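Me: I'm new to this one. Can you walk me through it?
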Number of protein chains: 2
Amino acid sequence: MAEPKQERAVKTREAILYAAAEVFDEYGYTGASISKIMERAQVTQGGMYFHFKSKLGLAQAVLAHQQEFVTIPHGVPGLQRLIDLNFFLAGELQTNVLFRASVRLAVEQGDFGMRDVTAYQEWVEQFHSMLCGAREQGELLPDIDEREVANVLVGAYSGIQVFSNIASGRDDLQERLGSMWRIMLPGIATPQAIENLRIPRHVRRLAA
Amino acid sequence: MAEPKQERAVKTREAILYAAAEVFDEYGYTGASISKIMERAQVTQGGMYFHFKSKLGLAQAVLAHQQEFVTIPHGVPGLQRLIDLNFFLAGELQTNVLFRASVRLAVEQGDFGMRDVTAYQEWVEQFHSMLCGAREQGELLPDIDEREVANVLVGAYSGIQVFSNIASGRDDLQERLGSMWRIMLPGIATPQAIENLRIPRHVRRLAA
């Protein structure tokens, strides 16, 4: 039985988006080409242009789907969940090409003339809602602004993963994240909350 | 009187490097071209190729000279000097195209296939030596590792300036830096030291 037309179109669009992410992850925006992406997705020129008109359009779509490329684990509200999410994302950056491509485009977008803050803002919202959970649990210092902390965390995380990528291909990302959290916690959380929090130990990946 | 040959060559090299930084700042690596840089530097093709063989070579040179593009202010050893340096660099990012171009190349280098950690490492060394000064002044908490803090600061700063650039063209960089320092200080410095430190107030630039 033939697939309904609409369903097929959705599948094609998805296949293109995933192929684009893979190619951007491997070659960067500048090194990527529509033809490489078409080949990877096994779509025709007609199929490609029905969904995406340009490489820039593809990059915008991969960037816009950043949070869809990861499945954020459930958990009990509070700071531990935020810390665990940070370490979960580190693992995703090391193993999930779709998420990694999207983060790469977010950081390098200046080089191909984009300036889209959406991916950053969505993480600010995500971190902010977790910090609000921590506030309800009584874990935050009284004079801390949840939105301010969320903004600093997103910026700091973003730079630390770039530095880690250039220094070690992200091998030392968990180690650097652990340092970040140990330094930041006393300015965010009550001493009592800190005592109960666990910063995951760094397990160095085997060299690829 | 004609300039000695060697002196002229040094001047030409400098002019090319500065023109390259200007063009990279304006167009990014991918958008820049050797011919734009030659025109800006007012050098001939022969003059260019005597000093630099490729656009990549130019980008590597601009990246390698990052700390030469700023004059780090003198100051009394201690944390205040490190904080002041952070805010000084924010001003340089807003006004000094040469420094800004070099930082831009350091962040976006993945898109054109480079992976050079030198610029990051040099800032780690700079921040580390200032933290050692702070240690000698008795400002740091006993269990803090100066090198670990320097690494976190360089990564965090780098990402916060990227986020600020994408969000506001770096208009809000001082504000974001102030947040970062307020959050980080309790994990780095003694309460007594924090009492004496001044985090510069944010003065919003007029829109360009």
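Me: What covers the buried residues of α4(A)?
Reply: The cover includes α1 (5–31), α2 (34–41), α6 (97–108) and α7 (118–136) of chain A. Buried means 20 or more other C-beta atoms within 10 Å of a residue's own, exposed means 12 or fewer, and partly exposed is in between; C-beta atoms are placed from the backbone. Helices (H or I, at least four residues) and strands (E, at least two) are DSSP runs, numbered from the N terminus.

Me: Where does the model come from, and how is it numbered?
Reply: This is a predicted model: local features need pLDDT of at least 70, side-chain atom pairs count only at pLDDT 80 or more, and totals for chains, interfaces and linings use all residues. Residues are numbered from 1 along each chain as its sequence is written, while chains are lettered from A and ligands numbered from 1 in the order in which they are written.

Me: Back to the helix. Which residues of α4(A) are buried?
Reply: In α4 (residues 55–64) of chain A they are A:L58, A:A59, A:V62 and A:L63. They lie on the same side of α4(A), because they cover an arc of only 135° around the axis. That arc is taken from the directions from the helix axis to the C-beta atoms.

Me: How many helices and strands are in chain A?
Reply: Ten helices and zero strands. Of the 208 residues in chain A, 41% are buried. The C-alpha trace spans about 60 × 35 × 35 Å along its principal axes.

Me: New topic. How many residues of chain A are in contact with chain B?
Reply: 39 residues of chain A are in contact with 39 of chain B. Contact means that the C-beta atoms of two residues, placed from the backbone, lie within 7 Å.

Me: Which helix gives the most to that side of chain A?
Reply: α8(A), with 15 residues. α1, α6, α8 (146–168) and α9 of chain A each supply at least two.

Me: How do α9(A) and α9(B) pack?
Reply: Helix α9 (residues 173–188) of chain A and its counterpart in chain B pack at about 105°, with axes 6 Å apart. Axes are lines fitted to C-alpha atoms, for helices over the stretch in contact, and angles run from 0 to 180 degrees between N-to-C directions. So the two helices, α9(A) and α9(B), are roughly perpendicular (65 to 115 degrees; under 35 is roughly parallel, over 145 roughly antiparallel, the rest oblique).

Me: Which residues meet there?
Reply: Among them, A:R182, A:I183 and A:M184 in α9(A), and B:R182, B:I183 and B:M184 in α9(B).
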